[in-house]
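The following exercises are to be worked through with the sequence and the structure in view. Each task is followed by a solution in steps.

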Amino acid sequence: MRANQAKDVHDTQWDDLKVFLAIARAGSLVGAARAIGQTQPTMGRRLQALEQAVGCKLLRRTAEGFVLTEEGSAVLAHAERMEEEALAFARRLAGRDSEVEGTLRVSSSEWFASHVLAPIFARLQLQHPKLQVELVTETRLLNLERREADLVFRFRRFEEAHVVQKRLIHISYEAYASRDYLERRGRPDPSTGGAGHGLITMDSAFNHLADVGWLTGRLPEARITGRSNSRDVQARMCAAGGGLAVLPRQMGDAMPGLERVNLGELPPGRDIWVGYHRDFQRHPRLRAVLEATEAALASAPGAGPRGATSRRP
């Protein structure tokens with residue numbers, strides 16, 4: 001290795017390696033830029049600068065996106081170890097904060113964030129003016145180890161070994177329809193299969209959810225009139241008279257014009273799990289947000305008892 005090249009490698013910045021990791025994981029400049037909050041041209045320039053510093057190509061552009069070269073695969077292993085140490089250092093420092101201030105990144109499904117968490121966090125901010133909660137609605141599962149989020153609410157258990165998790169609440173669901181719809185179509189009768197009625201449910205990617213099978217099973221003769229992967233969209237379609245929908249009670253009971261519809265039995269509910277990295281157990285910001293959320297949900301309608309905390313699933 002030439003002397004000037006060795007100096008370039010020595011001077012390589014961790015930020016450049018983060019760019020390399022983001023592109024390697026996303027497979028594109030657009031996805032990587034979105035992941036770490038930089039522009040696409042910046043990502044391209046930083047990657048080029050890193051490759052010039054190390055003296056070889058780390059990523060090769062193909063029709064399907066960026067793929068690692070042989071040299072890139074070797075660098076990737078070192079970069080991931082550096083990332084692990086850097087994140088552990090950041091988590092340790094964050095865990096030593098003594099005041100409820102700064103930013104906490106929280107991830108949740110869209111409807112739970114909008115109808116449950118947002119009002120809680122707004123009230124909490126009045127108590128702690130220096131606290132900023134960044135509430136991200138994601139369908140993908142964010143990585144706590146990489147600090148894509150500090151606190152995650154979701155509908156399944158966590159598999160990561162370093163995550164402290166808790167079954168927070170049980171969400172109850174109900175079947176709903178608008179008053180206008182029921183006046184026009186009448187109340188559905190499960191004994192006749194719901195012939196003449198319309199159903200609003202999840203899109204085909206979420207057909208595995210229990211409430212989808214429950215609704216179509218209770219009313220097999222009904223026609224599906226609308227689908228969406230968003231509970232909010234389903235609720236709006238339902239409120240506009242488009243058909244019957246199964247919704248979380250926190251949403252359906254609050255939606256003007258909707259009424260519960262008795263189909264002979266209740267739809268299956270779902271558990272909400274909350275998780276965070278074990279290094280954040282005494283994090284003041286995290287504790288404040290989690291405790292406020294638990295207190296607000298303790299007496300919330302449509303919610304069952306909380307579960308126990310555990311380190312592993």
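**Exercise 1. Determine in which sense strand E3 and strand E5 pair, and identify the other partner of E5.**

Step 1. Strand E3 (residues 102-108) runs parallel to E5, and two bridges join them. Strands here are DSSP runs of at least two residues (E), helices are runs of at least four (H or I), and both are numbered from the N terminus; two strands pair if DSSP finds at least two bridges between them.

Step 2. Within this pairing, Val 106 has Leu 151 of E5 as its bridge partner.

Step 3. With strand E12 (residues 270-277), E5 pairs in the antiparallel sense over three bridges.

Step 4. As a general rule, strands of a sheet pair through backbone hydrogen bonds, either parallel or antiparallel.

The model is predicted: local features need pLDDT of at least 70, side-chain atom pairs count only at pLDDT 80 or more, and totals for chains, interfaces and linings use all residues. Residues are numbered from 1 along each chain as its sequence is written, and side-chain values use heavy atoms, with hydrogens and water left out.

**Exercise 2. Identify the members of the largest nonpolar core that touch the most other members.**

Step 1. A nonpolar core is a set of buried Ala, Val, Leu, Ile, Met, Phe, Trp, Tyr and Cys residues joined through side-chain atoms within 4.5 Å.

Step 2. The largest core has 47 residues, and Phe 112, Leu 151 and Phe 153 touch the most other members. Helix H6 (residues 110-127) gives the largest share of this core, seven residues.

Step 3. A second, separate core has 18 residues, including Phe 20 and Leu 58.

**Exercise 3. Describe how helix H6 packs on helix H11.**

Step 1. H6 and H11 (residues 284-297) pack at an angle of about 115°, with axes 10 Å apart. Axes are lines fitted to C-alpha atoms, for helices over the stretch in contact, and angles run from 0 to 180 degrees between N-to-C directions.

Step 2. From H6, the contact involves residues including Phe 112, Leu 117 and Phe 121; from H11, Ala 288, Ala 292 and Thr 293 are among them.

**Exercise 4. Is Glu 110 buried, exposed or partly exposed, and what does Glu 110 touch?**

Step 1. Glu 110 is found in helix H6. Glu 110 counts as partly exposed because its relative accessibility is 42%.

Step 2. Not counting residues up to four places away in sequence, Glu 110 touches Thr 137, Ser 230 and Asp 232.

Step 3. Glu 110 and Asp 232 are 122 residues apart in sequence, yet their C-alpha atoms are 8.0 Å apart in space.

Definitions and conventions. Buried < 20%, exposed > 50% of the residue type's maximum accessible area, 1.4 Å probe, protein only. Contact = heavy atoms within 4.5 Å.
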